[in-house]
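This report looks at one protein model. Please view the sequence and the structure before reading on.

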Amino acid sequence: MIKDALLAAGSARGHLSTDGASVEAPIVAGSLNNMRGAWLLQTAQELRNCITLEECQADRLQLTLVLLVLLSAIFSMLCAFAFFREDKEDITPLTPQLMVKETEMRVNLPLSSHDDNFSITKQDGEFVANVTVEWPDPFRPGCGVAGQIRVYNSQQVLGIVSARHVMNMNSFWQVPHGLALCREKHEMFAWVEVEGPTTFHVRHRTGQPLLTLTGELNPGGTMDMEGYNLVGSKVCWLKDGKCAVVQHFDAGMVFLSFLAIYLHKRLQALPAADHDQPASGRAETKDEPIADVPVAAPEEEVPVSASPEPRS
């Protein structure tokens, strides 16, 4: 009994006992022994969980593969946000009330060379909208509008086509943004870029392409054009005064785009003086010689300076 008590006391104080005689050991050494024992127990537990070394390696390889897949997914998402992020605003259709709901919408679009007022009607005669071509007042100086087309019905203005002059240009059509498609209160929606005599691009005000029109449109003459969307699908066409628009597309924007080209062609057919005069407001004074101005001044000053001399 005494031997058992001594052994228990020696173990509690960090002593070592062999044959009944206690051998003192430092408390630090006892702590290290305890730490080694804990590590050995942990290692033994891991060995129990992994019976063989091959199984441990397989688990590690599986965890490594999962980690690589997760990192790859995160990297791919970062690349997608960096390179394919869309900062563009949601585009509201120019004329939501003219979105095509049927399979195809066919209308009559009579684009003559002289009529400034006409109507857009469906093939069965149903009314769609009225069209009015407006020309600026030639006696209004400084007016930057070369021409304007309004599309409206009995309730509201559906859209406006505005052709504007730009300073230091001989004619407005040389400027890529001279043709604007606007909403009712002249709110800018898109512009029509003139690439050539047979190619026109309609772009939203944010720069996003909306429609590409190719072909010929001569007021009162040949009319054969086709329209393609951003992905290259044919969405509309115009031939001999007949226009068609496919389903789920903004027919109003198509009408205004064709009318913008129509206005562009009519302005091109006008003499240069006719559509340059409203922009400058100085067409009447271009032919006056500059030398007449200093000549007129001395003629008025001569009698004023000569009148006092006889009185003195």
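This is a predicted model: local features need pLDDT of at least 70, side-chain atom pairs count only at pLDDT 80 or more; totals for chains, interfaces and linings use all residues.

**Strand pairing**

Strand E3, residues 104–108, has two pairing partners described here. With strand E14 (residues 242–246), E3 pairs in the antiparallel sense over five bridges. In that pairing, methionine 105 stands opposite valine 245 of E14. E3 also pairs with strand E4 (residues 117–122), again in the antiparallel sense, over two bridges. There, asparagine 108 has threonine 121 in E4 as its bridge partner. As a general point, side chains in a regular strand alternate between the two faces of the sheet.

**Cysteines**

A disulfide is a covalent bond between the sulfur atoms of two cysteines. How many disulfides does the count give? The count comes to zero disulfides.

**A nonpolar surface patch**

On the surface, Leu61, Leu65, Leu67, Leu68, Leu71, Ile74 and Leu78 form a nonpolar patch. Together these residues have about 700 Å² of accessible area. Leucine 65, one of them, lies in helix H3, which spans residues 53–83. Leucine 65 counts as partly exposed because its relative accessibility is 49%, and exposed means over 50%.

| Residue | Relative accessibility | Class |
|---|---|---|
| Leucine 65 | 49% | partly exposed |

Technical notes
Residues are numbered from 1 along each chain as its sequence is written. Side-chain values use heavy atoms; hydrogens and water are left out. A disulfide is a pair of cysteine sulfur atoms within 2.5 Å. Patches are made of residues with over 30% relative accessible area and no salt bridge: like charges are joined within 9 Å, nonpolar side chains (Val, Leu, Ile, Met, Phe, Trp, Tyr) within 5 Å. Accessible areas come from the Shrake-Rupley method with a 1.4 Å probe; for residues, only the protein chains shown count as cover. A salt bridge is a side-chain nitrogen of Lys or Arg within 4 Å of a carboxyl oxygen of Asp or Glu. Helices (H or I, at least four residues) and strands (E, at least two) are DSSP runs, numbered from the N terminus. Buried means under 20% relative accessible area, exposed over 50%, partly exposed in between (1.4 Å probe, protein chains only). Two strands pair if DSSP finds at least two bridges between them.
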